[in-house]
Amino acid sequence: MMKDTIIKSTLLVATLALGSYAQAAPSGQALGYTCAGCHGTNGASTGNAIPSIAGLSETYMVETMNAYKSGDKASTIMGRIAKGYSEEDIENMAGFFAEQEVHKNTNQSFDAAKANAGQALHEKYCDKCHTEGGTVADDDAGQLSGNAKLFMQYSLADFHDGSRDMEKKMAKKMKRMMKKDSDAFDKLVNYYTSGQ
Amino acid sequence: MSKQNRRSFLKTLGLGATAATAATYAPFAIGGSSKKVVVIGGGMGGAVAAKYIRMMDKSVEVTLIEANENYFTCFGSNEVLSGERTMDSIKFGYDGLKGHGVNVVIDKVIDIDASGRRVKTASGRSFNYDRCIVSPGVSFRYDKIDGYDESVANTKITHAWKAGPQTALLRDQIQSMRKGGTVIISAPPNPFRCPPGPYERTAQIAHYLKHNNPTAKILVLDDKEKFSKFGLFTAGWKKHYGYGTDNSMIEWVKGSAGGKIESVDVAGMTLSGEVDDYKGDVINIIPAQKAGHIAHVTGLTNDSGWCPIEGKTFESTIHKNIHVIGDSAIQSPLPKSGYAANSEGKVCAAAVVAMLNGDKIPDPSYVNTCYSVIAPGDGISVAMVYNYANGKINKVKGSGGLTPGKFDAKARAREQQNGYSWFDNITNDTFG
Ligand SMILES: Cc1cc2nc3c(=O)[nH]c(=O)nc-3n(C[C@H](O)[C@H](O)[C@H](O)COP(=O)(O)OP(=O)(O)OC[C@H]3O[C@@H](n4cnc5c(N)ncnc54)[C@H](O)[C@@H]3O)c2cc1C
């Protein structure tokens, strides 16, 4: 047993050292640094249309990147970019962003009354999966609180008109919410933008 | 296998020595412990390289030497021409970098002593380095157009291809042009800074004129037969500015049809090509380009007028210990863009930190994304992911490409907004 392992490792090391290991493997940091041009330093976005990705759960980010890559998730540009990365690259960059602190963009304007109403809606319909405004990595769900305002508007609109898939339980809740309150999106976005 | 185990394995196999020399550099620090980096040029490449070296390793002393107190981004400057943005919105200072512990010096570098590893400035100071990073942008081949030079560019016929006072001058010229006048844009041959730039500029000037001087015309005289995002731009010009119809605000003349310009008569406001003369009310000449002046002075350029580099480290293949990034470098297939300069700055920073510490040079990854705004609510983009393999930078097959050609209003509006967020984030990543 032991002997077998040693022989295998020796072969592996020999291959590595002889340079037939052609495929480069950039670290999560090297990959993550290239995202900063659009998503902000270490994934902390200061823009209002491009989301922060700092502190996202690794699982959620891997899933999302793969969905962009396969085209399952529609996008303007992320599909084109995600196709540039291997499975391993995606895991490495997701690992890098998971280590960063969640960023809330507090420089965005919001309507306080709508934000209040949004809070009630959030607690009723969203909080179960997006606890603490979607800032808890263990939920494996997107960040909501303090994320980019226009991005959240786009996402909700896409879920609503069917251009973006959502889980059954989310679809059900959203339908119920919209039936009760047709301005619910606007209120929710104001609540999340407030960064509470 | 742990790192330690692997090392002893390599030793026993007798491969350790080969592996180590192939993968690591001996540290070059003068006097043992000091690690000094001098960065020349605080633009899109230089500023981000300086900041990221400090983010990766606080023990490296970084001095950034930049000629101007403030930096005006070229991206966004076309929107200054149309009045969609102010000059203030594209202006950045260096306090953010100071906050990262970068020693910022406002001065002009006049020479680099490559063998003595010393940088000299116009005010008579000199700075020693272990490694030097050069990111001076582009300079212009004024000699290609008879009668054109820097003093003409600063006062009457701008290039406005380095954002700043010329951007404001060109804007004022367009805004005070007579009703029904003609703006001429002369577009340069490849390779040049920001391949989609002249055509976004055309669209932004058209946007201004459409609303303020609707009988005015724009004549684009191009040195080339085709240009970046060709289909998207021409479709956008058509959609918003009547391109291709009798009533088009924009006319584009390709090189073989007389677009190549040979001389300018400044007093007569006339451009002359091989075939025709063209008279304009406002003229913008974007000249042919080459690496920034200091790169030529230092001998970092080859016959092409640009700087050859090694794509994993951006170290010059001419002078050791000097790295060239951004527009000055021969970085193809990466384009001469701000995003590419940002990516290159980080790859170079990681390599420099590793080299100073005697560590293995990390495997790089690079991205480019460029947004252009054709009209309010109509943004387009081009993107690409690059890797390093077989000793060079490569496009990753299957990645990247353009905004789809079929017009989709929802997507175009989002692309414009994404472009604005890109602006916010890349400037904060560079100067924040
Ligand atoms: C109209 C226009 C639109 C553009 N739009 C986009 C876009 O949308 N997206 C994009 O990614 N890119 C865009 N670009 C391209 C982008 O601006 C450049 O590619 C980028 O700035 C290159 O970075 P750099 O560091 O090489 O040069 P620069 O950013 O030009 O920085 C060079 C710096 O070096 C300094 N310097 C030079 N020589 C010396 C010296 N001897 N001593 C001290 N300091 C010195 C200069 O003062 C300057 O600050 C655009 C360009 C133009 C002209």
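1. Let me start with Asn42(A), which sits in the loop between α2 and α3 (58–70) of chain A; helices (H or I, at least four residues) and strands (E, at least two) are DSSP runs, numbered from the N terminus. Although Asn42(A) is not a glycine, its phi is positive, about 50°.

2. A word on the ground rules: this is a predicted model, in which local features need pLDDT of at least 70, side-chain atom pairs count only at pLDDT 80 or more, and totals for chains, interfaces and linings use all residues. Residues are numbered from 1 along each chain as its sequence is written, chains are lettered from A and ligands numbered from 1 in the order in which they are written, and side-chain values use heavy atoms, with hydrogens and water left out.

3. Now to the interface. Chain A brings 45 residues into contact with 48 residues of chain B, contact being heavy atoms within 4.5 Å. About 3500 Å² is buried between chain A and chain B, and carbon and sulfur atoms give 59% of that area. Buried area here is the accessible area (1.4 Å probe) that two parts lose on being put together, summed over both.

4. For polar links, the count between chain A and chain B is 21 residue pairs in polar contact, both residues at pLDDT 80 or more. A polar contact is a pair of N or O atoms within 3.5 Å; within protein, one must be able to donate a hydrogen and the other to accept it, and residues adjacent in sequence count only if both atoms are side-chain atoms. On the side of chain A that touches chain B, α1 (2–17), α2 (28–39), α4 (78–82) and α8 (149–161) of chain A each supply at least two residues. The largest share of that side, ten residues, is from α2(A).

5. Four salt bridges cross the interface of chain A and chain B, under the rule of a side-chain nitrogen of Lys or Arg within 4 Å of a carboxyl oxygen of Asp or Glu. One of them is worth a look on screen: Arg414(B) meets Asp158(A), at 2.9 Å from N to O.

6. Next, the ligand. Which residues come nearest to the ligand? Of the 34 residues around it, these are Glu66(B), Tyr71(B), Ser135(B), Arg193(B) and Gly338(B), where a residue counts as near if one of its heavy atoms lies within 4 Å. An N or O atom in the side chain of Glu66(B) is 2.7 Å from an oxygen atom of the ligand. Backbone N or O atoms take part too: that of Gly45(B) lies 2.9 Å from a ligand oxygen, and that of Ala67(B) lies 3.1 Å from a ligand nitrogen. Taken alone the ligand exposes 1000 Å², of which the protein buries 93%; these areas come from the Shrake-Rupley method with a 1.4 Å probe, and for residues, only the protein chains shown count as cover.

7. As for the shell around the ligand, α11(B) gives the most, with three residues.

8. Finally, two cis peptide bonds in chain B deserve a glance. Asn190(B) to Pro191(B) is cis, with omega near -10°, and Pro191(B) is found in the loop between β11 (182–187) and α8 (197–212) of chain B. Ser332(B) to Pro333(B) is also cis, with omega near 15°; Pro333(B) lies in the loop between β19 (322–324) and α11 of chain B.
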